[in-house]
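Hi,

Here is the structure I promised to pass on. Have a look at it first, and then read my notes below.

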Amino acid sequence: MTAATSQATFPATTDVLVVGAGPTGLALATSLCRLGADVTLVDLGTEIRTDSRAAGVQPRTLQDLDRLDAAGPLIAKGLKGTGFRVANRDGTLLELPYAGLDTPYPFLLLVPQSETEQVLRDALTAAGGRIWSGYRLLELHQEFDAVATLVAGPDGLVHSVRARYVAGCDGLHSGVRGQAGIEFAGQRRPQEYALADVRMTETSPTPRVTFTFSPDGMLLQSPLPDGIVRVVASVPDATGALDRAGVQDLIDRRCGPGDRATVAEIVRSTPYTVTSRLAATFAKGRVFLAGDAAHVHSPAGGQGMNTGIQDAVHLAGLLAQVLRPDDPGDPGDPADPADPADPSILARYDAERRPNAAALLAFTGQLTAVAELSDPEQMRLRDQVLARSRDVPGLPQFFARRLAQLDVPAAGWPAS
Ligand SMILES: Cc1cc2nc3c(=O)[nH]c(=O)nc-3n(C[C@H](O)[C@H](O)[C@H](O)COP(=O)(O)OP(=O)(O)OC[C@H]3O[C@@H](n4cnc5c(N)ncnc54)[C@H](O)[C@@H]3O)c2cc1C
């Protein structure tokens with residue numbers, strides 16, 4: 001293992017080839033650099049995407065980002081959200097407050113994904129790493145002691161790279177997953193959604209995420225920095241991207257008077273559908289999957305990007321133990337914590353992270369199903385149960401802790 005990696009020429013060998021510099025790949029490469037591993041991070045893109053994706057960073061993720069010295073800079077760019085609120089047109093049904101959670105970060109950080117990626121890029125540079133931008137993984141072949149890969153550079157030249165391990169952090173359409181022959185079963189939900197980042201004429205003094213249920217469908221309002229509010233609503237098929245009047249109409253029809261803001265301007269607007277898929281395994285031979293390459297699900301509850309970052313920090317902790325050099329004073333002693341760990345410990349990644357992702361798919365699927373109810377009696381019952389659970393001691397805190405992902409075990413990192 002050599003120290004991490006700001007070379008000027010594209011390497012022919014590396015300990016870990018990380019494919020994809022979204023939040024997952026950035027968190028993995030930064031973690032590996034900080035743990036002293038040799039890592040090569042490639043991404044076919046050349047810039048950070050600025051479209052509307054993750055808008056919330058959970059406390060559990062901030063704890064992982066703290067290991068990368070990235071929590072503080074990210075918090076400086078976001079709003080400290082107080083948690084989630086569930087309402088119908090008559091008012092609040094349930095509050096899920098993050099204040100009082102057992103974490104150094106008892107808030108939901110409201111910040112666009114592009115800012116999270118920028119902070120992670122800065123952390124990578126500070127750790128001595130870099131992104132090979134414009135480099136696309138073409139092929140991989142698993143061999144006994146390495147993975148042979150072909151990577152096309154921005155000039156069209158194809159490079160042959162031998163990696164001891166490959167991490168597919170290359171998103172929903174992962175080529176690494178396909179090349180490794182890992183199945184990605186699941187389905188798309190029929191319900192369509194519209195997402196619009198808007199500016200309102202007035203901003204709420206309390207930054208919190210509000211889900212409103214109505215007979216017409218659900219509508220979410222989530223503040224973001226710079227006076228932007230993310231609005232997400234279930235919509236009829238083929239509605240497409242909403243304009244200002246369309247968003248206003250949904251707010252007026254679905255929200256109670258206290259939640260009816262006036263839309264001044266659309267910043268971005270896009271339709272989307274919800275897909276739920278889980279990789280059959282997160283590890284095959286020397287190839288690992290993390291983030292959206294391994295699991296995709298409904299954005300309800302703001303969990304996807306968070307889980308990818310947590311996968312990455314977890315995987316880095318295991319890989320670093322296997323990749324560390326022999327202790328020169330006592331080489332080859334597997335009981336010596338300074339020697340490389342047996343590669344069998346890498347099995348823990350799939351064993352620990354895949355069940356976590358499976359539970360997440362079930363949880364976000366339930367949230368989505370509850371939000372999509374359309375039968376009037378079922379909706380009435382839902383609202384009644386939510387309103388009553390407000391008064392059950394500890395229940396709102398239990399749900400808040402679950403959304404904050406504080407019940408997910410923290411990754412073990414070797415002592416530095
Ligand atoms: C509308 C919407 C709202 C969302 N809201 C939330 C939310 O509130 N909270 C939350 O936590 N999550 C949310 N998500 C999910 C979140 O955006 C994803 O989970 C996150 O982007 C996954 O990060 P990733 O790094 O795993 O993959 P990606 O961000 O998809 O990054 C993959 C990277 O791999 C690169 N790549 C692909 N193929 C190759 C190749 N062959 N060679 C080299 N590079 C390659 C791509 O260029 C890309 O940069 C939302 C998603 C959507 C669509």
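Predicted model: local features only at pLDDT ≥ 70, side-chain atom pairs only at ≥ 80, totals over all residues.

Residues are numbered from 1 along each chain as its sequence is written.

Now the overall picture. The protein chain has 10 helices and 19 strands (DSSP runs numbered from the N terminus: H or I of at least four residues for helices, E of at least two for strands). Its C-alpha atoms fill a box of roughly 70 × 50 × 40 Å along the principal axes.

Back to the ligand. Which residues come nearest to it? Of the 34 around it, they are G20, G22, G171, G291 and G304 (a residue is near if its C-beta atom, placed from the backbone, lies within 6 Å). Helix α7 gives the largest share of the shell, 4 residues. At least two residues each come from α1, β2 (39-43), β9 (136-142) and α7.

α1 (residues 23-34) packs against α7 (residues 304-323) at about 25°, with the axes 8 Å apart (axes are lines fitted to C-alpha atoms, for helices over the stretch in contact, and angles run from 0 to 180 degrees between N-to-C directions). The pair is therefore roughly parallel (under 35 degrees; over 145 is roughly antiparallel, 65 to 115 roughly perpendicular, and the rest oblique). On the α1 side, the contact includes P23, T24 and A27, and on the α7 side M305, G308 and I309 are among the residues (contact means C-beta atoms, placed from the backbone, within 7 Å). By class, this contact divides into 12 nonpolar, 3 polar and 1 charged.

On to α8 (residues 347-371), which packs with α7 at about 170°, the axes being 10 Å apart. These two are therefore roughly antiparallel. Their contact involves T307, D311, H314, L315 and L318 of α7 and R348, Y349, E352, R353, A357 and L360 of α8. It has 5 nonpolar, 2 polar and 4 charged residues.

Cheers

Definitions and conventions: Contact = placed C-beta atoms within 7 Å. Nonpolar A, V, L, I, M, F, W, Y, C, P; charged D, E, K, R; others polar.
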